Amino acid sequence: MKKFQFFDKNIRQQRPELNFCTFNYVFAEYICYLKRKHGNDYNEMNAKMEQLGVSVGIRLYEVVSLRERNKRETKLVEQLRFIQGIFWKHLFGRQAESIEKLKDRPNDYLIRDENPLLLKYISEEGHISPAQFMCGILKGVLNASGFTCQVSYQFKTDERGVSYYPHTVFILSFEDARDL
């Protein structure tokens, strides 16, 4: 009988679907772990979630790039289209709604998502936000592909300041205009 070897598996084969309830449970437990470890230090908890997101983003970018295409994008707009389409679909089962360039800030772009799957069942509690994990994933993907950036998020609000949670806008701020 032949033993199964991990490296015998073809990486280009489609992955089996992950049960999203299982992922949400593990992610919620990670948030509880951060609360127990850091108490009320919200900045530290959000920084840890972003760090985890960066490492996940780097690894996912490598896998998705190998499965979906062979070339590395060198133009930022093409890389953002890859993230909005193929990467977002691989991660969340559908594409992000849109990518927009900010007119008043030339090095900034927006990625809009009406209903992020990660925020569907886990709400923002106090100053802890699961959206910070998604920011880390985007930062990891862009840094791994050679575009240095900072990623933040905002929830859509109306003129009275009422939040349309979980409608989220991710703001990608690129440091070097030469990369654009």
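Tutor: Gly 136 is buried, because its relative accessible area is 0%, and anything under 20% counts as buried. Keep in mind as we go that this is a predicted model. Gly 136 is found in helix 4, which covers residues 131-144 and has the highest mean pLDDT among the elements of the protein chain, at 91. Strand 4, residues 163-174, has the lowest, at 78.

Now look at what surrounds our glycine. If you leave aside its neighbours within four places in sequence, Gly 136 is in contact with Glu 50, Gly 53 and Val 54.

Cys 135 counts as buried, because its relative accessibility is 0%. Cys 32, by contrast, is partly exposed, with a relative accessible area of 32%. Cys 135 is in no disulfide, since the nearest cysteine sulfur, that of Cys 149, is 9.8 Å away, whereas a disulfide needs the two sulfur atoms within 2.5 Å.

Let's move on to helix 2, which spans residues 42-68. The axes of helix 2 and helix 3, residues 76-92, come within 11 Å and cross at roughly 95°. That angle makes helix 2 roughly perpendicular to helix 3, because 65 to 115 degrees counts as roughly perpendicular. On the helix 2 side, the residues that meet helix 3 include Leu 60, Tyr 61 and Val 64. Their partners in helix 3 include Phe 82, Ile 86 and Phe 87. By class, the contact of helix 2 with helix 3 has seven nonpolar, three polar and two charged residues.

Finally, let's step back to the whole protein chain. There are four helices and four strands, and from the N terminus on they run α-α-α-β-β-α-β-β. Of the 180 residues, 39% count as buried, and Gly 136 is one of the buried residues. Among contacts between residues at least 6 apart in sequence, 60% join residues at least 24 apart. As for confidence, the mean pLDDT of the chain is 79, and 76% of its residues reach 70 or more.

Definitions and conventions: Residues numbered from 1 in each chain as written. Predicted model: local features only at pLDDT ≥ 70, side-chain atom pairs only at ≥ 80, totals over all residues. Heavy atoms only, no water. Buried < 20%, exposed > 50% of the residue type's maximum accessible area, 1.4 Å probe, protein only. pLDDT = per-residue confidence, 0-100. Helix = DSSP H or I, 4+ residues; strand = E, 2+ residues; numbered from the N terminus. Axes fitted to C-alpha atoms, helices over the stretch in contact; angles between N-to-C directions. Parallel < 35°, antiparallel > 145°, perpendicular 65-115°, else oblique. Contact = heavy atoms within 4.5 Å. Nonpolar A, V, L, I, M, F, W, Y, C, P; charged D, E, K, R; others polar.
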